[in-house]
Structure formats: structure tokens, C-alpha cells
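Work through the exercises below with the sequence and the structure at hand. Each task is followed by its solution in steps.

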Amino acid sequence: MEDAKKGLGVAGLAGLMLAAGAGAYLSTRKDKRHTSPDDAPGHTARRGFGAYDVIGRTVTIARPREELYAFWRDFSNLATFMENIVSVKPTGDNGRAVWTILAPAGRTVEVETEIVSEQPGELIAWRSVPGSQIDTEGRVTFADAPGERGTRVGVRVAYKPPAGELGRVVAKLFMREPEIQARHDLKRFKMLMEAGEIATSARRKDQTRAAKQEQSPAYKNEETA
Amino acid sequence: MRALTWQGTQNVQVDTVDDPEIINPRDAIIKITSTAICGSDLHLYDGVIPGVLPGDVLGHEFMGEVVETGPKSTLQKGQRVVVPFTISCGQCFHCNIQQFSCCDNSNPVEKQDMGAALYGHSMSGLFGYSHLTGGYSGGQAEYVRVPYSDVGPIVIPDHLEDEKVLFLSDILPTGWMAAENADIQPDDTVAVWGCGPVGLFAIQSALVMGASQVIAIDHYPHRLELARSLGAKVINFRETNVQEALMEMSGGIGVDAVIDAVGMEAHGFAIDNMLDVAKQKIGIGADRASALKQAIIAVRKGGRVSIPGVYGGMTDKFPLGAVMEKGLQVKTGQTHVQKYLKELLAKIEDGTLDTTFLISHRLPLEQAAEGYKNFKQQQDTWTKVVLKPGMEA
């Protein structure tokens, strides 16, 4: 069990970004005990959130809100821009899904989530189901940007770091620190929606990051599964 | 394929590397027919731009023939195209308002962190430059993969030979945007520091835009001669007190607009520039900005400062007081090449602009390393080197 937790600490956190839903921690206002005289989103606070880590990131995408919402709501699309997600498979029509997340050494970790709130075209919120190896919740919001700028897409995720500070340090070494991963994943989402493709400076297909990752045993297992 | 690769400071060589292939739907593969060495390639050559790795293929001024297209490319095999050095998706907020060099999407995600840390935001991808700008393989090669080929490259009519249009890729639009950024008015005196290719094209552009007088500043006699042949008055800063001369030549007002076409490796005699040379050599990211500092002092009150010259890091002892107290306007940036292509191609076709005078040397791609060395060491006479992959040695 301890090993499984460490695995999540290193690699699974990327998945948390997807899986959204942690109530109070995701609020745009800082909580009362720490009332702050500004209007900045809660996750930009310099202080911590107790047992949970909270990450958040907003991008503006020059596409209509409904189109972005629809793409995201089909969870099976998420693996196309979330680098450490091998797959997201809906497990029924109640919004439950199993996320297969890449871990070091070709291992994978699975997390099951359920949708806790949904407003078409505006918001999807999710959390891990009881008994999950990761305790997480998060949400993605879609709001019209001013004028012709498209849509503001915001992702907020709260999670308990599985292996404490050590887990985060190791995760950083693997470039899978969730803050970085969330930022990168959202930028890939933006590229895919605006330009129709994800930028690469490789000269050949087999030199792209995606190709190198797909050579990992985790993806091979997925194909044969 | 054969390609010019960076190996280390002042060390480039032509190597055999993997051929490029179509990766994304909007890609095209171009077979290079002509490619030039840019002054900003010399910043890479000298190792003063961060994020260049051994084996990187350089070159961002190139043109050629379309030999392969992805399913969403609008190009056709056999078309001749000039490719902008800025890689831009054409569909993000910045591209939509023609700030192509600010494209959000062309710099690969994993390459954006360094730029974001240095500048607060990452910039667009550029061909053959630093990994700060994507680490894309450049065009000093036999072939190149061109992303977003439906919005970047401009198709060239058959009757225009390569050398007439090659500089649409970078230096002509860069010189043009430099003049545009100087917001030139009909009675203006405009001073241009640096008579390299961008400076010379800025001089040409400023005159086309109606400046009454353009003054060119350099220390290489041949380059000053080229500037004079375009219609500029010239100052050799080794012979003349520039500040005093500019005041006199502008009737005691000061020049209305200044253009720094020198950038981060400026020559200069002032003590602060000598200190900056030393700091740059130890690699702490200090830009030498003596041309820009001089320009800011020389420009008139309420004047305009345009900076096409390349800077990459921090500048010490910058005369910010002069910028504020004199009420100056400053405009700069990597060129939004795609914005200017049609307009400038038309000006080449109707004879308003001729850029072929600049080319001093033509070499086979195999001799590219020699081209770099001479372009660096003999700046007076090696004004522009064009490399031709197919040319016999």
C-alpha cells in the first residue's frame, strides 16, 4: 500500500488535474480565517491549504465555450492532451470513469472518479470515489472571455500528496509535478483546440515526446488489454 | 540530409542528420534552394543566446520548393515558397491581431518554461534558433519541416528569382517593421545605428515611408558606402562624435526617430561597454547595449525609439531617466513577418524595393562553416552570405 501511494505521488498527480472537485479548497475566495483584502483566486495564495495541495490554472482559448465544454466532457478525449494519462474510460452512464495514469518504470496507477456537479457549457466537477488510492477533487470551468477572445478555461484541483513532501520532490525530478503538468496539459488543450494540433519541434515522428511515451510498457499493456 | 549544425561557441559544421518528415496535419516539407546566414545567427555562433544545444540545425532565412504536404496544408508540391522565420499558428489571440511573433501555440509546451521564467511569457517558435523559441530545426539544410504551412509560407511567382525574394523570410520585413515602429513623418530625420542587412533595409524602408533625411551610423567603410548608395547620409563613429554630429545635422533639435539595428553585441568605446563585454564573456546574460544607449541620448524630446536589434537578457546602466524625462516612445519585438509578406512582395515586384545589392557571397551549403567565419570576421566586405544546397563547390 505504501508503495502504491508513492507511485501516485510520483506520477499519478497529473491525473488529479483531470479528475477535478475539492469543494472549499477550490473556492475562488480565500477562506474566512485567512481573509485577504484582494480579489485574487484562492489558489494563488502564498499560504498552504492544510492537508491538501491546490493547483489552479486559467487559459484563454479562442474557441466557443460550448465546443470546448463538449470536447472535455467526452473524457476519452482527455488523453490526447494530458501527457501522463494513458486513457480515461467511462464506466457507465453515471459519469464515473477510470483514469489510467502513467507512473515511472512503465507502471500505471488507476483512479476512479465520479462527477459531482455539472452545468452544461459551464462547469464539470469531479472527485475520486471512496476507497480510491488518491483523495482528490477538482473542476473545470468555461466562461466567455471579453469581446472576441473566446473562452476562459479554468482548472482547479485539490489533492492529498500521497507520499508527503518526498513525493513531491521525486515527482519534480520526473517532471510530473502537478502544477507543471497542469500548466502543460492546459497549453496542449489550447493548441489542440485553436490550431488543431499539438506543436512539436521534432524532425521525425519517432522523436516527438508523444511517440517516445507511447513506447513505454504502460501503453503496450493498454493496447493489448 | 546535410545540414549546418551548431557544436559550440564559434564552432559550426555541416553534418549528415535525419531527414525531416510530416508530423502534424498542417506541416509541409520544403526542399531548400536558397538560405542565408543572418546577423542574429552570429549571436548563436558567439554563444551569447541561451538555450542552443550541440547538434541543433541553424538557419531561419530560407526558401525552397514544396516536396511534401500534410493533409491540412494548403500548399501544393512543386510550389516555390519563402518561409517566415517566425512560426505562427494563425489562430490564437495574438495571431488574430497580427502579433505573429507572439503566437501562443507554436512553441512546444515543454520548451515554454524557460522563456516564461526569463520573460514572464514564452514567445513563438522560431526556426533554427534557441530552444527558448522551440528548438526547431532550421533551414541551413537540404530539407526543413515547416509547421502551419497553410498560414506561414508565401508562394512566389516563377518569374521572381530566389535572390530577389529570399529576404522576405526575415531581414526585409524586419527592416520594414523597424521603420514602421519609428512612426516616420514626412519632415523627419531618422538615425539608424548599424549598417548590417537589417539597418540597410530599415534605411530603405524609412526613405520609402517618406523620411526627409536618414543618417546611418557604423564604422565599416564598405557598409557605410552601401548606406550612402541607398540615399542615407553617413557617420563613421570612429571618426566622428556621433551625438554632436546628429545635433548639428538635425538643426539642433535632435533626430526625430532612432533605430537600433545593432543589438546585444554592440561595439563601443565607452567604459560601460567594455565592462559589458567582460560580463558577456563570462556568460551571465548581460547584453551590451551601447548603441541603444547612445540612440536614447541622441533622439529628440518626445521622439521615437525603434529596436529591431536582438537582445536576450538583462542590460546594466540603462538610461531609463532619459526615456522618461524626454517622453520617448519605444517599440520593439521579433518581427511579425506574416503581417508584411504580401505588401513587401508587391513592392519587390513593382521595383520599389530591391534587396539583391546586399548579397556579397554565394556558397554551397557544404561551405557554410567558412561562411560563418568570414561573415563574423570580415564584416566590412562579407555583407550577406547566401548558401545554396545544390551549388557546385
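Helices are DSSP runs (H or I) of at least four residues and strands are DSSP runs (E) of at least two, both numbered from the N terminus. The structure is a predicted model.

**Exercise 1. State how many helices and strands chain A has, and give their order.**

Step 1. Chain A holds six helices and seven strands.
Step 2. Read from the N terminus, its elements follow the order α-β-α-β-β-β-β-β-β-α-α-α-α.
Step 3. Of the 225 residues in chain A, 42% are buried.
Step 4. Take the contacts in chain A between residues at least 6 apart in sequence: 62% of these join residues at least 24 apart.

**Exercise 2. Find where the pLDDT of chain A is under 50.**

Step 1. The average pLDDT of chain A is 76, and 67% of its residues score at least 70.
Step 2. Compare the elements of chain A: the lowest mean pLDDT, 37, belongs to helix H1 (residues 2–18), and the highest, 97, to helix H2 (residues 65–73).
Step 3. Residues 1–25 of chain A stay under 50, and the model gives this stretch 113 contacts beyond four places in sequence.
Step 4. Residues 28–32 of chain A also have a pLDDT below 50, with eight contacts beyond near neighbours in sequence.

**Exercise 3. Decide whether the radius of gyration of chain B agrees with that of a compact globule.**

Step 1. Chain B has 13 helices and 17 strands.
Step 2. Its C-alpha trace spans about 60 × 50 × 45 Å along the principal axes.
Step 3. For 393 residues, a compact globule would have a radius of gyration near 21 Å; chain B has 20 Å, so the two agree.
Step 4. In chain B, 54% of the 393 residues are buried.
Step 5. Of the contacts in chain B between residues at least 6 apart in sequence, 73% connect residues at least 24 apart.

**Exercise 4. Describe how helix H5 and helix H12 of chain B are placed relative to each other.**

Step 1. Two packed helices are described by the angle and the distance between their axes.
Step 2. The axes of H5 (residues 171–181) and H12 (residues 337–349) of chain B come within 9 Å and cross at roughly 100°.
Step 3. Angles of 65 to 115 degrees count as roughly perpendicular, and therefore H5(B) and H12(B) are roughly perpendicular to each other.
Step 4. H5(B) contributes Leu172(B), Pro173(B), Trp176(B) and Met177(B) to the contact, while H12(B) contributes Val337(B), Tyr340(B) and Leu344(B).
Step 5. By class, these contact residues are seven nonpolar, no polar and no charged.

**Exercise 5. Which helix gives the largest share of the side of chain A that touches chain B?**

Step 1. The contact involves 21 residues of chain A and 29 residues of chain B.
Step 2. Helix H4 (residues 178–195) of chain A supplies the largest share of the chain A side, with seven residues.
Step 3. The chain A side consists of five nonpolar, six polar and 10 charged residues.

How values were computed
Residues numbered from 1 in each chain as written. Chains lettered and ligands numbered in written order. Predicted model: local features only at pLDDT ≥ 70, side-chain atom pairs only at ≥ 80, totals over all residues. Rg over C-alpha atoms; globule rule 2.2 N^0.38 Å. Buried ≥ 20, exposed ≤ 12 C-beta atoms within 10 Å, placed from the backbone. Contact = placed C-beta atoms within 7 Å. pLDDT = per-residue confidence, 0-100. Axes fitted to C-alpha atoms, helices over the stretch in contact; angles between N-to-C directions. Parallel < 35°, antiparallel > 145°, perpendicular 65-115°, else oblique. Nonpolar A, V, L, I, M, F, W, Y, C, P; charged D, E, K, R; others polar.
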